[in-house]
Amino acid sequence: MLAGDFNDWRREATHVLKQELGLHEAFETLHGAPARSFPARMPLLQLDRIYLRNARGRAPRVMARKPWSHLSDHLPLCVEVLL
């Protein structure tokens, strides 16, 4: 698992990580696109990602309610990982 703020404005990281490391992005796999997580008050950009390899993601969600929405300028992402 690899997760965090990738500051991937052009959405290029997913392709590189898939080709080079065999990772898949949890939200994109299950919803067709990475999650919108920035800025926290009105999330428009898809800068944060959760990548998995040799595992499946289930029930990915953006933690958009208090207290999570007020702890950072990014909303936290969450996914259940099945090995």
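Visitor: What do the buried residues of H1 pack against?
Guide: This is a predicted model. In it, the buried residues of H1 pack against strands E1 (2-5), E2 (24-25) and E3 (48-52), and against helix H2 (26-31).

Visitor: Which residues of H1 are buried?
Guide: H1 covers residues 13-21, and its buried residues are Ala-13, Thr-14 and Leu-17. Viewed down the helix axis, they fall within an arc of 95 degrees, so they line one face of H1.

Visitor: And which residues are exposed on the other side of H1?
Guide: His-15, Gln-19 and Glu-20 are exposed there.

Visitor: How does H1 run relative to E3?
Guide: H1 lies across E1, E2 and E3, and runs at about 15 degrees to E3.

Visitor: What follows H1?
Guide: Gly-22 follows, with a positive phi near 70 degrees.

Visitor: Back to the strands. In what order do they sit in the sheet, and is the pairing parallel or antiparallel?
Guide: The order is E1-E3-E2, in an open sheet of 3 strands with antiparallel pairing. E1 and E2 are at the edges with a single partner strand each, so one side of each has no neighbour in the sheet.

Visitor: How many bridges are there between E2 and E3?
Guide: E2 and E3 pair over 2 bridges, in the antiparallel sense. His-24 has Leu-52 of E3 as its bridge partner.

Visitor: Different topic. How many aromatic pairs does the structure hold?
Guide: It holds 1 aromatic pair. The pair consists of Phe-6 and Tyr-51, and because their ring centres are 5.2 Å apart with the planes at 80 degrees, it is edge-to-face.

Visitor: Which parts does that pair tie together?
Guide: Phe-6 is in the loop between E1 and H1, while Tyr-51 is in strand E3, so the pair links parts 45 residues apart in sequence.

Visitor: Is Tyr-51 buried or exposed?
Guide: Tyr-51 counts as buried, at 0% relative accessibility.

Visitor: Now the backbone. Where are the cis peptide bonds?
Guide: One joins Phe-38 and Pro-39, with omega about -10 degrees. Another joins Lys-66 and Pro-67, with omega about 5 degrees. For context, most peptide bonds are trans.

Visitor: Where do those two prolines lie?
Guide: Pro-39 is in the loop between H2 and E3. Pro-67 is in the loop between strand E4 (56-62) and strand E5 (77-82).

Visitor: You gave a positive phi for a glycine. Which residues other than glycine have one?
Guide: Arg-11 is one of them, with phi near 55 degrees. Asn-54 also has a positive phi, of about 55 degrees. Most residues other than glycine have a negative phi.

Visitor: Where are Arg-11 and Asn-54 found?
Guide: Arg-11 lies in the loop between E1 and H1. Asn-54 is in the loop between E3 and E4.

Visitor: And what are their accessibilities?
Guide: Arg-11 is at 40% relative accessibility, so it counts as partly exposed. Asn-54 has a relative accessible area of 71%, so it is exposed. The cut-off for exposed is over 50%.

Definitions and conventions: Residues numbered from 1 in each chain as written. Predicted model: local features only at pLDDT ≥ 70, side-chain atom pairs only at ≥ 80, totals over all residues. Heavy atoms only, no water. Buried < 20%, exposed > 50% of the residue type's maximum accessible area, 1.4 Å probe, protein only. Helix = DSSP H or I, 4+ residues; strand = E, 2+ residues; numbered from the N terminus. Arc of directions from axis to C-beta. Contact = heavy atoms within 4.5 Å. Phe/Tyr/Trp six-rings, centres within 6.5 Å; stacked < 30°, edge-to-face > 60°. Pairing = 2+ DSSP bridges. Axes fitted to C-alpha atoms, helices over the stretch in contact; angles between N-to-C directions.
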